[in-house]
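Trainee: I am new to this structure and would be grateful for a close look at a single part of it. Please describe one residue and its surroundings.

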Amino acid sequence: MTFSSNPILIVIAVILTYIAAYTALDLITLIHTKEKNRRFLFLGSSFSLGIGIWAMNFFGAVVQDLISVNVALMFLSMILGISFSGMAVYSITNRRVKSFHLVEGSILLTLAVLANHIVGITALKTGIQYDMPVLTVTVLMMLGMFYFSFWLFFGSSRLVKGHQLWLKPVGALIISGAIVEGNFLLSRAMTYQESAEITGGQSSLLIYIAVFVSILILAGLVSSSTLMSRRLAASDTYVKDLLFALDESSIVAITDPKGKITYVNDKFLEISKYTEDELIGQDHAILNSGYHSKEFFKELWRTIGQGKTWNGEIRNRSKDGSFYWVNTTIVPFLNRKGKPFQYVSIRTDITNRKKAEIELKNSLKDIKDIHFALDQSSIVAFTDHRGVITNVNDKFCEISKYSRDELIGSTHRILNSGYHSKEFFKNLWNTISSGRVWKGEIRNRAKDGTFYWVATTIVPFLDESNKPYQYLAIRNDITERKKTEEMVHRQDKLAAVGQLAAGVAHEIRNPLTSMKGYAEFLQLDESSPERREYFDIILDEIERVNSIVEEFLVLAKPQTVDLEERNIIPIIQNVLSLVEFEAKKKKVKLELESKESFIKVSCDENRLKQVFLNFLKNGIEAMPDGGTMTVTVEIKDRAVHVAFKDTGVGIPVEKLKKLGEPFFTTKKNGNGLGLMVSFRIIESHRGKVFIESRLNEGTTFSILLPAETG
């Protein structure tokens, strides 16, 4: 068998084969890295390899002068080459290429060369026979070269991960070398019988047509491959930039459908404290902190298993045992069937934020606890910078008798009892408006007219310019303490007066007795009416002094009180009857209000009458133009409350403080000892006296006595 001496066709055949092999490898690589257009890439790579094999076989036959006119078989050889090439490409484009896939692809590609050669030569000659030893060696050589080229691309993990630039040219060179070597060795191994030949002109035309078709097909594949490679390269650059930005800013991991980790970035290693080798092949259970429930992770897997993106916050545990929080987004990547084939987890470290949230939560809890404790123990109100009430707690409403709606929007003037001076409140506002805390005691008036004392602390809240924008007033009810202080103060005064009375009464009483006796003796011998009138005046004044001395003696040496159980209602009725005539003269209406007809107390009836009589007379005298004197009796909190309320002129604040002091009186002819004695009598009954008064509205004397049960 002789070869043509036309080297140009041989060079063209080798170049076309190399281009076809390079293009096919380029497209196969894209199949492995891209999910889109896989069908187009598969067809392109199959056609490229098939045309490369056919072109080499065709031009090999041409240089050996084996041209025949059987065009049908020639195109059949092309189809077989493309078909076997397609099967080979399919074998090596699985997601996970293993060794048997490489062997399978190598065998199919070898069959593509054999089938193309045998059918192609059959189209040219008849009676073909092969030398089996040479054929066997040829087949083994092609198998080895194909396997080696596939191994370079898909079997060597280090080379694949390294993305070496020389892989495609070398791989294409090996594949094209295997095809060229296979064709020439197969031609050497065969013998054949001559068939009818066509004319030289027909042969040249057929050659030109074949060359043109081959170049046209390969040019189209190369152009498509180049265009797609450029587009994909641009896309890859964009994706790489995104991945770089993502790697720099986020914690990234990729897992397979079973959750096994296949990729982690440096930030993942940094926060987890694990190495890459320790994480690859593991699942995320290695990071489980035990914080989340099984149901939490079931719901997570249920979501991503359905192809949906999952978002949430997870607490993980690093290798050193420390915990960290990540805001996690898990994106499932779906195959053609809509099933996830991998998951990409993008996480952001939110540990500091979670710590801040926990600290804030604890702070809010502390504030809530403090607020609760404050509400339970104190009277609290908020006002704006003008003093308008913006919020009050339940205790404020309870003690003031106002509802929350009545208070909010008002100022504290609604509680003004008139006890404190304008200068007092002016000093208060000067203090808090300058940003300082004010502390003091204030007497307020409730909605029902009763008075109560509060120990008050007003705290100004300052804005950026150190100006108050609101005030917090914290008050505590000290009404009982103030009453106790008043009682102790009164007792101290009584004790001082008692000591004075003990000496004065003893020194005055004896001379008074002598003066009264001699005055009465002289009056008996006096016949002049005018002079007898003078003696009457002297005796009246001596009697007045004697009554004062008697009261002094009561203060100095209180008599032993014998308490007996009595119904207090008849006692009050009896006293009212004693002052009834005087009340009518002064146009004063007397009223007794009591829901009970029998209220039992332990008392000294005569001394209790003395107190009631004193309070009634004081009330009647406080109403020179007439009015109403109301006596109210009720049982409340295991005590008997007796209130004497007049509608008189009232008592000024400055005088109200001094009531009960020795020799202080609001009456022209009073001596200031009546109330003092009354207070002492009530205290001997284990009771208390409280006085409330408002100018031009009246005064109320309230007596509290222990109630007897049974």
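Mentor: His284 counts as partly exposed because its relative accessibility is 24%; buried means under 20% relative accessible area, exposed over 50%, and partly exposed in between (1.4 Å probe, protein chains only). This is a predicted model, in which local features need pLDDT of at least 70 and side-chain atom pairs count only at pLDDT 80 or more, while totals for chains, interfaces and linings use all residues. Residues are numbered from 1 along each chain as its sequence is written, and side-chain values use heavy atoms, with hydrogens and water left out.

His284 sits in the loop between helix H10 (276-279) and helix H11 (294-305); helices here are DSSP runs (H or I, at least four residues), numbered from the N terminus. Not counting residues up to four places away in sequence, His284 touches Ala253, Thr255, Gly259, Ile261, Phe268 and Arg347, a contact being heavy atoms within 4.5 Å. With Arg347, the side chain of His284 forms a polar contact of 2.9 Å (a pair of N or O atoms within 3.5 Å, one able to donate a hydrogen and the other to accept it; residues adjacent in sequence count only if both atoms are side-chain atoms). Ala253 is 31 residues from His284 along the chain, and their C-alpha atoms are separated by 9.9 Å.

The unreviewed UniProt entry annotates residues 252-282 as "domain: PAS"; such annotations may be inferred rather than shown by experiment. That span is 35% helix and 26% strand, and its end C-alpha atoms lie 15 Å apart; strands are DSSP runs (E, at least two residues).
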